[in-house]
Amino acid sequence: GPQMLLALFTQRSGMLSEVQLKAAQETWEVLDGVHNQLADLISPHQTAYVLADQANDFEAARTALRRQQEQRTDQMLTDNHALFRLVSSRKPFLPTKLFQRVFAYTEQLEKVSEALQERRHFTDALSDVEPGERAAALAEAKRHLATIAKVSLPLMELREAVEIEIRDLTTPRLRMPK
């Protein structure tokens, strides 16, 4: 309808309509929230909350950390799906390039989530590692970290590209007289 025509006109003129601006803002808010959740999950500094009487129980701390990571991952994936639904519903109002970058972000986040899940399965099996197998386990741990870094880097780049794209779209362009 009329909003679609306004969106098309303003997109071609290089300006965002109010509808497009709102769609871009909503997209950024959700994407930034998802990205912050991911940053917490891939951080090497993890804390687990345990009851005071279990403070010195390594197994209780490991179980609590695992449960906490699973909950955070589930929440991140739920929010990532909400981001996908949001950009899909706002697709007619978002500039094509912005939509494509956010869509690529949601897909790449799934790959990072899979790598994090593989690492969790690996760390769960570490308690069964025999002393003679520790060197191989360390090499495997390094491989998991390298994989997470490898799949996370494009995600970081996509986030930055989305931020720059939104900033470019929302910053007024001053035209100097000739």
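The model is predicted, so local features are reported only where pLDDT is at least 70 and side-chain atom pairs only at pLDDT 80 or more, while totals for chains, interfaces and linings use all residues. Residues are numbered from 1 along each chain as its sequence is written, and side-chain values use heavy atoms, with hydrogens and water left out.

The protein has five helices and zero strands, where helices (H or I, at least four residues) and strands (E, at least two) are DSSP runs numbered from the N terminus. Of its 178 residues, 32% count as buried; buried means under 20% relative accessible area, exposed means over 50%, and partly exposed lies in between, with a 1.4 Å probe and protein chains only. Among contacts (heavy atoms within 4.5 Å) between residues at least 6 apart in sequence, 76% join residues at least 24 apart.

The structure holds ten salt bridges, each being a side-chain nitrogen of Lys or Arg within 4 Å of a carboxyl oxygen of Asp or Glu. Three of them are set out here.

| Pair | N to O distance |
|---|---|
| R66 and E70 | 3.2 Å |
| R101 and E165 | 3.2 Å |
| E163 and R167 | 2.7 Å |

R66 and E70 both lie in helix 3, four residues apart, or about one turn of the helix; R66 is buried at a relative accessible area of 15%, whereas E70 is partly exposed at 31%. The bridge between R101 and E165 links distant parts of the chain, with R101 in helix 4 and E165 in helix 5, 64 residues apart. E163 and R167 are likewise four residues apart, in helix 5, and are separated by about one helical turn. Salt bridges that share partners join D32, R159, E163 and R167 into one network.

R120, found in helix 4 (residues 96-124), is buried yet has no salt bridge, and the nearest side chain of opposite charge, E70, is 5.1 Å away. Leaving aside residues up to four places away in sequence, R120 touches R66, Q69, E70 and T73.

Technical notes
Lys, Arg positive; Asp, Glu negative; His and termini not counted.
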